[in-house]
Amino acid sequence: MAAIIRRSANFSLKYSNYVRHRVVSSRSMASKVPVGFIGLGNMGNPMAKNLIKHGYPIVVADIFPESCKEVQDLGAQIMDSSADVAERVDRVITMLPSTPNVIEAYTGPNGILKKVKKGSLLIDSSTIDPLVSKEIAKEAEKTGALFMDAPVSGGVGAARAGNLTFMVGGLEGEFNAAKELLSCMGTNVVYCGEVGTGQAAKICNNMLLAISMIGTAETMNLGIRLGLDPKLLAKILNMSSGRCWSSDTYNPVPGVMDGVPSANDYQGGFTTTLMAKDLGLAQNTATNTKTPALLGTLSHQIYRMMCARGYAQKDFSAVFQFLREEENI
Ligand code: NAD
C-alpha cells in the first residue's frame, strides 16, 4: 500500500509538471488541444457538444457509430475504437452506461489502456461501482496515465445547458486539470477525495433521488385521487415543506410541467434501467459497509419491477405511470 502511495505521489509530481507544461503550451497555441470523448448517448452527446462550443476539437468513439453523427456534423473526428481515441489525444472523457461498459472501454482488447499515451488524463463520468474506479485507476497508473472518476448529476437538460454538477475523485493535485474541461460542461465541479469518492457521492445522491421521485409520484397520485388539480397540488408542494427536485424541476405527472420527460411520454432523460443500476450499486455499497438503507432497498425493488414490466427504456419519473397502472390491476 505504501509503495502504491509513493508511486502515486511520484507520478503526481511528474504529472503536475506535465500538466503545467501542457497548459502553458496550449495557451500559447492558436487553438485548443483536442479532447477524446467516448460514449455519445443521452448525456455524452450534449456534453461533447459543450466541449466543442468551448473551442475544443474532439475525437470520439461509440460502439454505435451513428450516435456520433451529430457531433461529426460539428467537426468531431470519429474513431473505430476507444484505443484509437486514446492514441490521438492526451485527455479522454468517458460517459458510458454501466460498470461492464467502462471495464470494456478501458481494459478491453480495443480499450483506452491499450494505446493510451503516458501522462494522459482519463476522466470517467459514468456512474459505476467505486471499487471498479479504483481498480481502473491502478491499471491506468501502470501505463503512466492518470484516472479520475467524475460522475454527474443534473440529467439531460443540465447536460444540454452545460450546468451539470460533477463529483470528482482522484489526486487532488490534478483536480484543476480535470476542472478545466469539466467546467465547460458543468457549473459545479466538486472535489470529493481519493479516486472512487466521486462515485460514492453520486450513488448517495441517486438513492435519495429515487426515494424522492417515488414519494412525489405517490403523493401526486393520492392528491389526484382526492380530487386535486395536479398543477395546483404541485404549486402547493413547491411552496411547502414537501418540495423537492422531483416535485419542482422534474415533476412526474404529465401536464404539470413543460420540457420534462413526463411531458413527452417519458421519453429521453434518465432511463429506469439506469436508475435500477444505480440503486443496485447503492445496495452493494450498503451491504459492504453494513449500512441500513431500507427505503433504498424498496426503491431498488420498485425500479427493478418496472424494468420487468416494460418501463426499462422510459424515464425513471414513469414510476407515476407505473403506480397508476398498478392500481388498475
Ligand atoms: P446512454 O445509454 O444514453 O449512452 C451511453 C452511450 O455509451 C451509448 O451511446 C452507447 O452506445 C455507448 N457505449 C456503451 N458501451 C460502450 C463502449 N464499450 N465503448 C464505447 N461506447 C459505448 O446513457 P446515458 O443516459 O448517456 O448515461 C451515461 C452515464 O451517465 C450512465 O452511467 C448514467 O447512469 C449516468 N447519468 C445519466 C443521466 C441521465 O439523465 N441520462 C444523469 C446523470 C448520470
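The legends below describe close-up views of a predicted model.

**View 1. Confidence along the chain.** The protein has a mean pLDDT of 92, and 90% of its residues reach 70 or more. Residues 1-30 stay under 50 in pLDDT, and for this segment the model has 27 contacts beyond four places in sequence. Where pLDDT is low, the predicted coordinates should not be read in detail.

View 2. An unreviewed UniProt entry places the feature "domain: 6-phosphogluconate dehydrogenase NADP-binding" at residues 35-193.

**View 3. Helix α7, residues 130-142.** At 1.5 Å a residue, the 13 residues of α7 should span 18 Å, and this agrees with the 19 Å between the end C-alpha atoms. At the start of α7, a side-chain oxygen of Asp-129 comes to within 2.9 Å of the backbone nitrogen of Leu-131. The buried residues in α7 are Pro-130, Val-132, Ser-133, Ile-136, Ala-137, Ala-140 and Glu-141. An α-helix has 3.6 residues a turn, so residues three or four places apart point the same way. After α7 comes Gly-144, with a positive phi near 85°.

**View 4. Residues around the ligand.** There are 25 residues around the ligand, of which Met-43, Asp-62, Pro-97, Thr-127 and Lys-277 come nearest. In the side chain of Asp-62, an N or O atom is 2.5 Å from an oxygen atom of the ligand. Pro-97 has a backbone N or O atom 2.8 Å from a ligand oxygen atom. A nitrogen atom of the ligand lies 3.2 Å from a backbone N or O atom of Gly-269.

View 5. The UniProt annotation "domain: 3-hydroxyisobutyrate dehydrogenase-like NAD-binding", from an unreviewed entry, covers residues 196-322. The chain over residues 196-322 is 64% helix and 0% strand. The end C-alpha atoms of this span are 34 Å apart.

**View 6. Ser-246 and its surroundings.** Ser-246 is found in helix α12, residues 245-248. Its relative accessibility is 0%, so Ser-246 counts as buried. The side chains of Ser-246 and Ser-212 make a polar contact at 3.3 Å. Neighbours within four places in sequence left aside, Ser-246 is in contact with Leu-209, Ser-212, Met-213, Thr-216, Asn-251 and Pro-252.

**View 7. Tyr-266, with positive phi.** Tyr-266 is located in the loop between α12 and α13 (272-288). Although it is not a glycine, Tyr-266 has a positive phi of about 60°. Most residues other than glycine have a negative phi. Tyr-266 counts as buried because its relative accessibility is 2%, under the 20% cut-off.

**View 8. Lys-290, with positive phi.** The loop between α13 and α14 (294-311) contains Lys-290. Lys-290 is not a glycine, yet its phi is positive, at about 50°. With a relative accessible area of 76%, Lys-290 is exposed, the cut-off for which is over 50%.

Notes
Residues are numbered from 1 along each chain as its sequence is written. This is a predicted model: local features need pLDDT of at least 70, side-chain atom pairs count only at pLDDT 80 or more; totals for chains, interfaces and linings use all residues. Side-chain values use heavy atoms; hydrogens and water are left out. UniProt positions are given in the numbering used here, feature names are shortened, and annotations may be inferred rather than shown by experiment. Helices (H or I, at least four residues) and strands (E, at least two) are DSSP runs, numbered from the N terminus. The expected span of a helix is 1.5 Å times one less than its number of residues. Buried means under 20% relative accessible area, exposed over 50%, partly exposed in between (1.4 Å probe, protein chains only). A polar contact is a pair of N or O atoms within 3.5 Å; within protein, one must be able to donate a hydrogen and the other to accept it, and residues adjacent in sequence count only if both atoms are side-chain atoms. pLDDT is the predictor's confidence in each residue, from 0 to 100. Contact means heavy atoms within 4.5 Å. A residue is near a molecule or strand if one of its heavy atoms lies within 4 Å of it.
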